[in-house]
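Here are a few exercises to work through with the model open beside you. Try each task before you read its solution.

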Amino acid sequence: MWRCAADWLSATGWRFATTAAHGAARQQQHHVGPQKKLGLKDVQHIVAITSAKGGVGKSTTAVNVAVAMATRLGLRVGLLDADIHGPSIPTLMNLKGKPALDKAGSQALMLPKENYRVKTMSFGFFLEHSLITS
Ligand SMILES: Nc1ncnc2c1ncn2[C@@H]1O[C@H](COP(=O)(O)OP(=O)(O)O)[C@@H](O)[C@H]1O
Ligand SMILES: [Mg+2]
């Protein structure tokens, strides 16, 4: 499915608009030193995977698109799972536990967890007894 997601991204032509970011992202991945904290306004492109129905494959698609963008295209990718009813992203991304806090600044910030080169934040990290799989 990762190959399908990468092919789909290429077919959209959208990728070409991100060529500069692609290069910058590759460089920054190897940057050593204090990292600038980025907010949502600094996110160059947002891809929303949505539907008005549950159980149709949103989470599966979102994970595969995100991982394909990170691993195949070398982009810096964040995955935000705002599903409060059935957050399955921690399961799909093989992540668990609460996020660590960065207390360096004036207010504590939650640090996203990372796997498959995708930084991930999910409501599922805050559920005590999460057995959600879909
Ligand atoms: N392309 C697909 N083909 C077959 N089953 C799929 C596909 N995508 C997702 N599924 C399965 O469908 C179920 C719901 O997928 P999920 O991504 O959790 O949906 P949603 O996030 O929309 O609720 C899961 O059991 C998942 O493994
Ligand atoms: Mg889901």
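Two strands count as paired if DSSP finds at least two bridges between them. Keep in mind that this is a predicted model.

**Exercise 1. Work out what the chain is made of, and how far the prediction can be trusted along it.**

Start with the inventory: the protein chain has four helices and five strands. Reading along the sequence, you get the pattern α-α-α-β-α-β-β-β-β.

Next, look at confidence. Mean pLDDT for the protein chain is 77, with 66% of its residues at 70 or more. Residues 12-33 are a stretch to treat with care: pLDDT stays under 50 there, and the model has 18 contacts beyond four places in sequence for them.

Of the 134 residues in the protein chain, 21% are buried. Take the contacts between residues at least 6 apart in sequence: 65% of these join residues at least 24 apart.

**Exercise 2. Find the order of the strands in the three-stranded sheet, and explain what happens at its edges.**

The sheet is open and runs β1-β5-β4, with mixed pairing. β1 and β4 are the edge strands, each with a single partner, so one side of each has no neighbour in the sheet. From one strand to the next, the twist averages 30 degrees.

What packs on this sheet? Helix α3 (residues 58-71) does, touching β1 and β5, and its direction makes about 165 degrees with that of β1.

**Exercise 3. Trace the bridges that β5 makes to β1 and to β4.**

As a reminder, strands of a sheet pair through backbone hydrogen bonds, in either a parallel or an antiparallel way.

Begin with β1 (residues 77-81), which runs parallel to β5 and is joined to it by five bridges.

Now turn to β4 (residues 113-115), which pairs with β5 in the antiparallel sense over three bridges. Here Glu 114 has Lys 119 of β5 as its bridge partner. The hairpin of β4 and β5 has two residues between the strands, and Tyr 116 takes a positive phi near 50 degrees in it.

**Exercise 4. Sort the residues of β1 and β5 by face, covered or uncovered.**

In β1, the covered face holds Val 77, Leu 79 and Asp 81, while Gly 78 and Leu 80 are on the uncovered one. In β5 (residues 118-122), Val 118, Thr 120 and Ser 122 make up the covered face, leaving Lys 119 and Met 121 on the uncovered one.

**Exercise 5. Is Ser 88 buried or exposed?**

Locate Ser 88 first: the loop between β1 and α4 (89-92). The cut-off for a buried residue is 20 or more other C-beta atoms within 10 Å. Ser 88 has 20, so it counts as buried. For a view across the fold, go from Ser 88 to Ser 122: they are 34 residues apart in sequence and 8.5 Å apart in space, C-alpha to C-alpha.

Methods. Residues are numbered from 1 along each chain as its sequence is written. Chains are lettered from A and ligands numbered from 1 in the order in which they are written. This is a predicted model: local features need pLDDT of at least 70, side-chain atom pairs count only at pLDDT 80 or more; totals for chains, interfaces and linings use all residues. A residue is buried if 20 or more other C-beta atoms lie within 10 Å of its own, exposed if 12 or fewer, and partly exposed in between; C-beta atoms are placed from the backbone. pLDDT is the predictor's confidence in each residue, from 0 to 100. Two residues are in contact if their C-beta atoms, placed from the backbone, lie within 7 Å. Axes are lines fitted to C-alpha atoms, for helices over the stretch in contact, and angles run from 0 to 180 degrees between N-to-C directions.
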